[in-house]
Structure formats: C-alpha cells, structure tokens
Amino acid sequence: MQATAYALVSQVRYRELTTRIALAAVIGTTAWFVAPGIWPIAWFAAVLVSQGVDWLTFSRYRRHPEWEPDRAYLILSCAVTAFGVAVYSSIAAYLWFAGGEIGRIFAMVQVAGGLLHVSLHMHHARAILVSAVAPHGVYFMGLPVVTAILTGSWQPLLIAFGCVLYMSHLVVAVRQSSTTTGLLQAARDQAQEARHRAEEASAAKSDFLAVISHEIRTPMNAVISAANLLRRTDLDARQAEHVSMLTDAGDVLMGLLNDVLDVSKIEAGKMVLEVDDMEVHARLASLTRLWEPRAAAAGVALIVRIADTVPDCVRTDPLRFQQILFNLISNAVKFTDQGQITVTAEWMNGRLIVSVADSGCGIPSDRLAHVFNSFEQADAGTTRRYGGTGLGLSISRRLAEIMGGELTVQSTVGQGSTFTLHLPVEVSASRPAAALIEAEETGSLEGRSILAADDHEVNRRILKLLLEPHGCRLTLVENGAEALETASVERFDAILMDMQMPVMDGLEATRRIRLTSAANAGTPIIALTANALDVHRQAWEAAGVHAFLTKPIDPVVLARTLAAACIVSAEARSEVA
C-alpha cells in the first residue's frame, strides 16, 4: 500500500513541476521588486537545482509504481523533499528581514500557501508529508519568534500564535480531505467492482442466451419442419386444422425467442445494422401478402397507400425496417375486431414516414407513455386476452432510434391507434439484380448436387424430406471432417453447413474447404444453424459463407437460397471454363 502512496505522490509532484517553477519565477520577481538584490536570482537558481534533484529522486516511483522501496531510499526521498521545501521557502526569510512591512506580509502569505499546497498534494504518504511540512513550519513560526527575541518585543509572538492557529485548522482540513479522498477511492473501487460483476453477468447472460437459443431452435426445427412436411400431404379438414395449430404455435414460440434475443442485443449495445438497398413498394407488398389473410380472417380490411413522392428504392436496413412494420401491423391485427387497418407511406425532407392506423380498441391516455416499455402492455388483462409478451413495441422503438429515426403513437379509446415511424434514409438509384430476384422466385434445384453436413439425425432426415422433392441430389454427412473429405473428391453446386458438430465444427470445415478443396474452393457454402446470434453470423461471414440461415428451417427460404447459390456457382464455373 505504501509503494502505491509514494507513486501517487510522485505522479502529483511531476504534474505540478512546471506550476512550481512558474510560481517560483513570479515569487522571485516580486521579491526582487520588494527588496532588489542578487538573492532573489540566486534563490531561483537554487530552486531549479532542488526541483531537478526532486524530479530525479521520485522518477523511480513513477517508472515502477508497484516498487516497494527500502528504508534507505525512503530516507533519501524524505531528505530530498525537506531540502526542496527548505530552499523553496527560504525566500520568505529574505523578504521577512529585507523587505520591510510589505516583505513580512508577503513572506507569511507565501509560506502559508506552500503549507496548503504540500498538505493537499502529499497527504497520501505520511513520511513525505511530514518532510514537506516541517521546513515550511519552521519558517512560518520561527521567523516571528526569532524577531521577538532579537527585538525584545512580545508583539511578533502574536503572529506566531496566529500561525499555530492556521496550522491547526490546516491539520483538520487535511484530515477531512484525506478521509474524503479515501471514501471516494472506496466508492470508485466499489463501482469498478460492480461494473466488473455486471460485465461478467452480461457475458454470462449472453452465453446463456446463445446456449438456450441453440437448444430451443434444434427441437423447434424438428417440430416446425415436420408440421410443414405434414401440410404437403393429403390431409382431411381436421388433420389440416391440427397442423395449422402446430405451425401457429411454432411461429409464436420463435417470435418470442427472437424478441428475447433482440432485447438482449439492444441492451448490450451489440445490435448491428446492415445497410442495403430496399425497394419500398416491394417490401410493403410482401408485408401485405403476409398479413392480409390474417386480417381478413378477423373481418378487418388491410389497406396500403403509398404516396407518389416515395422513392422506389432507398438505403436502410431492410430486415429491421420489416421487423418494425411487422410488429406494428401484428399489433393492429391483434387489437382490431372490425373496420380497417391502413398502412400509409410518405416522403418528407429525406425521411420515409410510414404510419399504421387501426380502428381497434385504442389505448388509454395514461398508458400511452408505457406501451413502449419492455414487458408492458396497455393493461394487465391484455396479455390474458390477446397474448404477447409486451416486447414488440419496445424493440420497434429501440430499433427505430438505432436507425436514427423515431416511433410515436397517437390513440383514442374506442376509435383506434396510429403508430408512425419516421426514418431518415438515402435515396438509391440502384435496384437488386434482376437475375438474383428471378433466381429467388423461379430458381430450380432440379439436377443440382448439394452436400449437407449436420450431426443431428432428425435434421438430416428433415433436409432429405424438404429438398429431394425439388429433384436435387443430396449427400448427407454427420460432421465437418466428413464434409471436408467428401468435398475433396466430388464437386457440388452448393454446400449446407451446420455450426456445432463433433470431430470438426462447421466454421473450421468451411475454412478448410476454402483453402484446400480444389473441387469446391469456390462453391457457395450456406450456414444452416441453430446459433442465431450476431456474433455467430459475423463468424460465418469471416469464414466466407454465401448466406446465413437459422433453424427452424423455412422451406421456401431454404429452396430460394439454394437456387440462387447454385446459379452463382454455375456462373463462376462458366467464367473459369
């Protein structure tokens, strides 16, 4: 602890060095005007020498803050400190005896200031403090006492008594300052410890969410994929209803899981935006196609109006834009029993303004301020009646703010609510490549050769059932090592790769295929994994994947992504040929 205290004193003295020298120059100049002579100049030169010795002695503490000095070096440090202070305050003796009444006053003020300075800056190390205070004290009280003895007058003793009172007050002030500093240091240490614990807790939470996400997505992949496969078979009305119940419940569970992960990423400051071109009309049309049947089933009309001034293509994060509108339309459908829901898009001063207005139950004015809070809804009965977690609007507002915009609400009980998204975007002249759009819409997997690596037997079975009806030839392996071996001897149009697998994981297998496989070094590799966090996406991008898909598998998205990847693969091989 002492070594740390001496190092702290050394750092303070080093920072104050230029100030002490500048002040010495001012004091010396003043002394020369008060009592002209060679002594102020000689004094200033002595101050420079003593400060140099002080700097040299204490530099060892600065270079080695944790160094534990021996007794001899501590004595040397105290002696150097006392010497420097004695030289610095010696000007007071000159002014006291040679400067007349003005000189005596200036001398006392100078020594009093020196006492205050060393007391506040050196109280961390008691030995150094005593070494610095002692010479000041000798001048402060000794000069009046010596004068009283030399003159035979008792009046200078009153000055000495005043000096004693000053030093007693200074002791109290230093003790209070030291106590306050100790309390502040303790509070800072506690705050740092609390921050460290919070960071550890946040990291543990992230790890927990990653594990839970993976463990939930794996069985959910089997449940939802099996339901989708059942839907393709000949079912009677009752069986079709049961399958719909399965898929609807699966969608709710996946929505909840994604919401929790999004909240976690936003709170941790790890939400990363991916800016790209987005066709406004196409994006709103896809949302309409998704929600129109659900609104119609509830007896509600879903109307979309896009102003002529809205640009065809803008640059923003398409996924997050869709997520916000998805949540807003979902809420509108949920809380509207009759009437209509109107989605309006406008353009104003570089901002895309999209509002979702419904004719539903509305929100009480005293609850408007709370609808954007996490896990809160308009009232306690909302969850029981309509379901949901209260995360959708909270996530939507935070996403809007991260994207540089805002999300506001206006509502009247019994008449409906209007949520308005104001989003600053750039107008883009480019549009998604027509070939890619065509591939996504009409691409075929007929005759394509696809390698899929997944350690879970059920997942491999699901891939076989989902892809073989498209006419592709599917090769299934159980881990990354098998995928690497297979890719080294046979050329594929596309490769599906899981992440967590025994023997060799998907990331390592992807990297090795890129580096060592002559047949498939340029083959598009698609990550198909239950690890859905942004850190996992970034790891896959660094490994060089063509696309990143998460489980549960969306059959349509999987087929489109594979078709697009196969087209890219074919074009690349044509260029090589």
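Two strands count as paired if DSSP finds at least two bridges between them. With that in hand, welcome to a quick tour of this predicted model. Two places are worth a visit: an open sheet of five strands with parallel pairing, and a nonpolar surface patch of about 640 Å².

**The sheet**

- The five strands follow the order 10-9-11-12-13.
- Strand 10 (473-477) and strand 13 (547-550) each have a single partner strand, so they form the edges and one side of each lacks a neighbour in the sheet.
- From one strand to the next, the twist averages 20°.

- Strand 11 (residues 494-497) and strand 12 (residues 525-529) run parallel and are joined by three bridges.
- Within this part of the sheet, Met497 sits opposite Ala527 of strand 12.
- Helix 17 (residues 534-543) packs on the sheet, where it touches strand 11, strand 12 and strand 13.
- The direction of helix 17 makes about 145° with that of strand 13.

**The nonpolar patch**

- Now for the surface: Trp32, Phe33, Ile38, Trp39 and Ile41 make up the nonpolar patch.
- Helix 2 (17-34) and helix 3 (39-63) are the elements that give two or more residues to this patch.
- Trp32 belongs to helix 2.
- Is Trp32 buried, exposed or partly exposed? Its relative accessibility is 38%, so Trp32 counts as partly exposed, since that class lies between the buried limit of under 20% and the exposed limit of over 50%.

Conventions. Residues numbered from 1 in each chain as written. Predicted model: local features only at pLDDT ≥ 70, side-chain atom pairs only at ≥ 80, totals over all residues. Heavy atoms only, no water. Helix = DSSP H or I, 4+ residues; strand = E, 2+ residues; numbered from the N terminus. Axes fitted to C-alpha atoms, helices over the stretch in contact; angles between N-to-C directions. Contact = heavy atoms within 4.5 Å. Patch = residues over 30% accessible without salt bridge, like charges linked within 9 Å, V, L, I, M, F, W, Y side chains within 5 Å. Areas by Shrake-Rupley, 256 points an atom, 1.4 Å probe, with all protein chains shown as cover. Salt bridge = Lys/Arg side-chain N within 4 Å of Asp/Glu carboxyl O. Buried < 20%, exposed > 50% of the residue type's maximum accessible area, 1.4 Å probe, protein only.
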